[in-house]
Amino acid sequence: MFSAADHEFMGRALALAGRGLYSTTPNPRVGCLIVRDGEAVGTGWHEKAGLPHAEVLALEDAGERARGATLYLNLEPCSHHGRTPPCADAIVASGITRVVAGMQDPNPRVAGAGFARLRAAGIVVEQGLREEEARELNVGFVARMTRGRPWVRLKIAASLDGRTALANGKSQWITGEAARADGHRWRARACAVLTGFGTVRDDDPQLNVRGIDTSRQPLKIVVDSKFETSPVARLLKDGRTLVAGAVEDQRKIAALRAAGAEIVVIPNEQGKVELSKLMQDLARRELNEIHVEAGTRLNGSLLQAGVVDELLVYLAPSLIGDSGRGMFTLPELTELPQATPLRIQEVERVGADLRILART
C-alpha cells in the first residue's frame, strides 16, 4: 500500500513534528510535508497552541506548488474551529490531491471527521503509515483523549542494587551528569513535574527544567495531604505550582495561595490524596504527560493506584546495600506471580549509567 518514498516522507513529517516536543502542549505534536513530483515543496510544524497548525504552515510554504501534490502528516487534520480554523478546509482549498496520515486524531471532536471532509472533496486519503511512531510521539495526548487521564511517567535514579538514597536520605548524586541532563530533557517534554511533600521537605527542589533550550516550563505539582509544604519552598518561587491535598486546613491553604500556589483538595477515605481522581483533574486541566520525581512512598502509592504508565529508570554502576532506600514502598508479596509485571521498551547507555524504559 505504501511505497518506500511514502515511508521516507512520513519519516520527515515525524521529524518535523518532533520539533514541537517541548512546546505544543496541550495540543498534539504535528509535522507536515508537502511533496510534488518526488520533491518536498512545503514544510511546517506546530509550535504552540494558538499558533498556526503544521498543515497551514506547510501549505503557505508550498503556495501554488501544493496543487496536485501529496500531503504527509503524522495526525489527522482537524475539522473543527478551535483556537484556529479547520485544517481540513485549508487542505481542500489548496488543491492537494492525496493525504497520507500516520493516525486518526483521538480527539472526539475530530475522530475521523477530518478524513471524511477530505474524502468528500475527492481527495485520496490513506492512513496508518508508521502509526506506532506517530502514536508514541503523542502518547500523552492520546491517553488524555481516550481514557480521560494523562500519561504518567515515573522517573527513578538508583544504584545497580535498586537503592535511590542512603538511609539518611542523601541521594545527590547517584547517577552521573549525562543521566541528569537526560532527565531534564524528559522533564521538558512533560506538561507537569509531580513530586510529594517528603521530597519537598528533604530536598527543597526547584522542579524546573535546566540546561535545555525550551520556551516553556512545566507546571509543578506537589502531592501534600496535610498542606505541609513551606510557603518559602523553592518550587513556589518561579513558575506555576499546584498543591494537591486532602484536608480543609484554611490557614495552611491561605499561606500557600499567598505564596502563589494553586490548591486542589481531593481526599480519599484514608485521609490521603485520591490519586486516580487527581489524574482525572489533571486531564481536565489539559495536561498530557506527567513526569514524576518522588520518594518511595508516593512512587508506591502511584503504582498501587494503577496510574503509572511508564518507568524511566537510570541505574548507576554502584552498590549502596540493603540499608539504602528502595524505589517503591509496596505491600509484602507471598508469591512471585503477585509481582507487578513490566514490559521493557528500551535499554540505553547514558554516560556511565543505564537508562531503562519499562511500561506497566
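Mentor: Start with K226, which is partly exposed because its relative accessible area is 49% (buried is under 20%, exposed over 50%, partly exposed in between; 1.4 Å probe, protein chains only). This is a predicted model, where local features need pLDDT of at least 70 and side-chain atom pairs pLDDT 80 or more, while totals for chains, interfaces and linings use all residues. Residues are numbered from 1 along each chain as its sequence is written, and side-chain values use heavy atoms, without hydrogens and water.

Trainee: Where does K226 lie?

Mentor: K226 is in the loop between β8 (219-223) and β9 (241-245); strands are DSSP E runs of at least two residues, numbered from the N terminus.

Trainee: Is strand β1 largely enclosed or open?

Mentor: Strand β1 (residues 31-36) is largely enclosed by the rest of the structure, because five of its six residues are buried.

Trainee: Which strands pair with β1?

Mentor: Pairing requires at least two DSSP bridges between two strands. β2 (residues 39-45) runs antiparallel to β1, joined by six bridges, and L33 stands opposite T43 there. β3 (residues 70-75) also pairs with β1 in the antiparallel sense, over four bridges, with V35 opposite T70.

Trainee: How exposed is V347?

Mentor: V347, in strand β13 (residues 343-350), counts as partly exposed because its relative accessibility is 49%.
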